[in-house]
There are 2 protein chains.
Amino acid sequence: MEKVIIFDTTLRDGEQAAGTSLNLAEKLEIARQLDKLGVDVIEAGFPASSIGDFEAVRLVAREVKRPTICALSLASIEGVDRAWEAVKEAEHPRIHVFLSASDIHLAHQLKKSRDEALKMSRETVARARTYVDDVEFSPMDASRADPAYLCQILEAVIEAGATTVNIPDTVGYATPQEFGNLIQGILDNVPDIGKAVLSVHCHDDLGLAVANSLEAVRVGARQVECTVNGIGERAGNASMEEIVMALKTRRDFFELRTNIDTTQIYRTSRLVSELTGFPVQPNKAIVGANAFRHQSGIHQDGVLKKSITYEIMDPKWVGIPASSLVLSKVSGRHAFKERLSELGYTLSEEDLNRAFQGFKELADKKKDITDRDIESLVAEELRTVTEIYHLDHVEVSCGDHNIPTATVRLIGPDGQSLADAALGTGPVDAVYKAINRIVGIPNKLTEFTVKSITEGIDAIGEVLIRIESDGVTYTGRGAATDIIVSSAKAYMNALNRLLAAKKGGSSARGTGS
Amino acid sequence: MEKVIIFDTTLRDGEQAAGTSLNLAEKLEIARQLDKLGVDVIEAGFPASSIGDFEAVRLVAREVKRPTICALSLASIEGVDRAWEAVKEAEHPRIHVFLSASDIHLAHQLKKSRDEALKMSRETVARARTYVDDVEFSPMDASRADPAYLCQILEAVIEAGATTVNIPDTVGYATPQEFGNLIQGILDNVPDIGKAVLSVHCHDDLGLAVANSLEAVRVGARQVECTVNGIGERAGNASMEEIVMALKTRRDFFELRTNIDTTQIYRTSRLVSELTGFPVQPNKAIVGANAFRHQSGIHQDGVLKKSITYEIMDPKWVGIPASSLVLSKVSGRHAFKERLSELGYTLSEEDLNRAFQGFKELADKKKDITDRDIESLVAEELRTVTEIYHLDHVEVSCGDHNIPTATVRLIGPDGQSLADAALGTGPVDAVYKAINRIVGIPNKLTEFTVKSITEGIDAIGEVLIRIESDGVTYTGRGAATDIIVSSAKAYMNALNRLLAAKKGGSSARGTGS
């Protein structure tokens with residue numbers, strides 16, 4: 001059976017979603033999970049767009065050896081050089097060059113003629129080939145381009161050495177029938193198309209990204225570019241998990257396979273949601289909380305009689321864990337370590353000790369510790385950034401007839417203890433104002449959410465916040481059974497990221513198809 | 001240009017999503033908004049499945065006059081009678097009968113032969129026609145049924161009087177090409193198909209519900225069943241807003257129109273999300289928070305130069321409001337009323353007074369009052385259920401080195417003042433335990449989320465909780481600048497619903513395709 005190459009661009013196009021700000025360690029953690037998941041290609045970033053992207057590509061290239069690591073570049077010689085600089089240490093490096101191909105983009109944005117754009121495309125692909133044998137080219141906005149011109153470009157870049165040519169529906173405009181016809185036309189009219197892998201890259205503005213991608217592979221495309229949870233610019237990209245599970249569930253129809261270990265899908269989805277701070281809606285296909293929940297009496301009756309009456313997939317296929325109560329106060333270090341490894345975590349001895357410490361503290365407050373609690377603990381313990389200010393103490397009083405009042409004490413950069421108090425419109429506001437009095441970095445809170453991560457009244461409350469400073473967004477997370485404490489932790493987490501970024505130099509953003 | 005009938009089943013299949021529990025007033029509010037939106041048919045419920053559903057259909061039938069109001073029924077004589085009883089006061093009533101058609105369902109769930117099922121289908125459609133001229137029939141699990149048998153059923157029910165025949169992809173199994181072929185086959189092989197409207201009903205288990213629906217209308221179907229935000233059983237139904245906006249944006253391709261006022265889409269999406277408690281993920285097409293946000297430098301540059309470079313729809317088409325700061329402390333009653341009406345609210349004098357009171361209290365705490373603040377205020381003031389216990393006072397102290405402690409005072413059913421205190425693992429836990437000491441109704445907290453609904457540190461925190469008692473879920477919402485107060489309000493809201501339900505008799509659930 002023929003294989004479809006899964007090209008994951010969560011770290012590039014996914015990270016391009018408004019409000020994301022993954023740091024290096026988080027990008028590497030996602031890349032490692034994508035490796036476990038079995039994706040063929042990881043697009044790790046757009047090196048010329050920012051120092052952060054450059055460093056992320058370099059780190060992933062160095063550390064993640066099985067999959068192909070891809071660096072994106074605009075069709076410019078300097079961009080390609082920079083992409084190579086970032087990706088060259090990869091075991092399997094790829095350079096991905098893109099340039100607009102539609103008249104709309106050429107006329108209104110690039111202000112270049114078709115001939116000029118074709119020349120740039122050919123030259124930069126050739127430049128990339130001087131570095132590496134694996135070169136991809138994308139004519140941006142292909143679905144709105146003149147098909148004849150598109151075929152001309154594809155032939156030219158294949159001649160110049162492109163080994164993968166990718167057709168982006170950049171603005172999510174195509175319908176499945178149209179997009180299938182476009183792919184068929186390319187297969188029919190580009191003489192050398194057999195020398196390259198034909199790929200597609202779809203956006204979900206009309207809710208059709210997955211259908212367009214599947215129609216393209218049905219017709220003959222053999223690489224799909226997608227992201228975990230379908231995150232990405234605007235309405236996002238084609239969702240990896242939906243494409244993979246459609247190909248698997250309907251293998252009778254598509255007769256195609258992928259290299260994905262589907263049992264890693266759920267964990268990958270959770271990790272990406274947690275690190276990017278983008279929730280997955282309950283009715284999201286494959287990975288939503290309700291995707292496998294049957295509510296109606298008739299459906300429940302059917303599933304009990306025979307699951308295939310209303311279930312076309314087994315939740316186990318995607319690695320959805322049974323909601324088991326696993327550990328409690330009396331559980332020892334060994335049981336905890338065991339469970340961690342079952343959940344897919346491999347921790348250093350030191351990290352394990354910290355996480356176990358957190359586990360014992362939690363178990364003192366909460367009777368049953370679930371898998372979700374453990375995930376949250378690990379996130380809390382292992383994903384802390386280097387702290388410039390450390391939260392030492394927080395205390396609040398509030399209510400509907402009180403003026404919310406907070407007292408906080410931080411340990412500062414030089415180890416000094418700094419305390420202050422403030423009033424607020426609510427307890428979180430009061431805590432943040434008290435912290436601001438100590439740290440004194442101007443910023444704006446743009447998002448604040450709390451979620452109980454497990455059932456029950458004694459659940460852990462996980463806080464996610466986003467703050468903005470000089471146009472850059474910083475995410476902060478905190479978890480505790482006390483949501484005011486979680487909120488304080490989340491704010492300190494975001495502030496420490498902000499402070500670290502101001503020290504290390506900030507990053508401008510800008511990227512592709 | 002031919003028209004596609006938009007059949008909205010948010011109140012039936014959407015409400016079938018695990019974790020929903022809309023009360024009568026909320027169902028009516030959604031129905032009224034669907035009327036404004038311009039949907040052609042509202043499926044208001046499944047009267048035989050529960051008393052709650054029966055009452056909801058009756059209420060919507062009575063109150064909402066322009067659209068067709070549809071009641072669902074299994075193919076049984078009693079079910080059809082009950083459906084008619086519920087829907088008969090509608091200006092344009094419809095009865096919708098369904099029965100499984102796939103061998104998988106017939107053998108494993110219904111334990112009926114094809115002939116028996118066909119006979120039941122025909123007889124119940126005929127029964128429905130004795131009541132009303134507008135009768136729809138759905139052969140459940142049609143996409144996995146034998147196409148020849150399917151055509152036989154459709155011919156039989158059309159002969160028996162069905163005026164709409166609907167093809168459900170009940171388990172979300174079909175691909176667009178297959179589903180289009182199925183529709184084409186029905187058009188070609190059911191002799192009397194021209195006497196009925198051909199409809200489709202798709203589920204999103206593989207992420208293909210919208211694509212399957214669009215392919216069906218391209219081939220010749222003229223009714224689409226869908227839900228707001230795509231909510232529904234499991235991964236949900238085809239999303240109304242994606243179908244409508246695909247037909248509008250790609251009118252050049254589909255050459256079809258709908259009756260939808262697209263500028264009501266955003267408001268409808270928000271209302272349904274708020275009342276069902278199902279968040280819309282930021283990368284959801286059309287209505288997600290990021291659907292029209294451009295993050296990358298290249299995309300932003302393009303949009304600034306000319307919006308069509310990266311925008312295929314104008315956010316105004318779907319009624320996304322500009323994020324304007326509109327009111328403040330000094331705004332008067334008139335300005336407030338004006339803004340409410342611009343946002344689409346028409347309040348009674350008494351409700352307006354309550355909402356304005358809330359506005360003044362909020363303006364004392366918060367400098368700028370945005371549209372989202374106003375929406376939250378109205379939700380808070382107008383959607384309160386009849387209170388059996390009223391929250392009179394709440395007060396909390398907590399922190400990372402304290403034992404969280406709450407004091408609450410409630411006004412009970414007989415007007416008596418009841419106060420108590422409790423400790424907890426966090427401040428919310430403490431508040432809930434103190435309330436429990438007074439109210440004493442056993443229940444389990446299954447979900448807790450807080451969202452700041454506007455930007456800025458003084459934002460309103462909106463709390464959504466779900467509690468479970470005897471297998472039934474109750475939702476509670478609360479909003480305040482103090483999230484502990486919001487949490488207390490949300491819990492009282494859910495408890496009051498629970499108490500009201502226990503008084504009024506509870507409801508079993510069970511429904512269809």
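**Exercise 1.** Determine how the residues lining the largest cavity divide by class.

*Solution.* The model is predicted, with local features needing pLDDT of at least 70 and side-chain atom pairs pLDDT 80 or more, whereas totals for chains, interfaces and linings use all residues. Residues are numbered from 1 along each chain, chains are lettered from A in the order in which they are written, and side-chain values use heavy atoms, without hydrogens and water.

Begin with the term: on a 1 Å grid over the protein atoms alone, a cavity is a set of points where a 1.4 Å probe fits but cannot get out, and lining residues have an atom within 4 Å of a point. The lining of the largest cavity comprises 29 residues, with Asp204(A), Glu242(A), Gln281(A), Asp204(B) and Glu242(B) nearest its centre. Two or more lining residues come from each of α9 (209-219) of chain A and α9 (209-219) of chain B. Sorted by class, the lining holds nine nonpolar, 14 polar and six charged residues, where Asp, Glu, Lys and Arg count as charged and Gly as polar.

**Exercise 2.** State the volume of the largest cavity.

*Solution.* The volume, the space filled by probe spheres set on the points, is about 340 Å³.

**Exercise 3.** Describe how α2(B) and α3(B) pack.

*Solution.* Helix α2 (residues 24-37) of chain B meets helix α3 (residues 51-63) of chain B at an angle of about 40°, their axes lying 10 Å apart. The two helices, α2(B) and α3(B), are therefore oblique to each other, since angles under 35 degrees count as roughly parallel, over 145 as roughly antiparallel, and 65 to 115 as roughly perpendicular. Their contact (heavy atoms within 4.5 Å) includes Leu28(B) of α2(B) and Leu59(B) of α3(B).

Conventions. 1 Å grid on protein atoms, 1.4 Å probe; cavity = no way out; pocket = protein on both sides within 12 Å on 5 of 7 lines; lining within 4 Å. Helix = DSSP H or I, 4+ residues; strand = E, 2+ residues; numbered from the N terminus. Axes fitted to C-alpha atoms, helices over the stretch in contact; angles between N-to-C directions.
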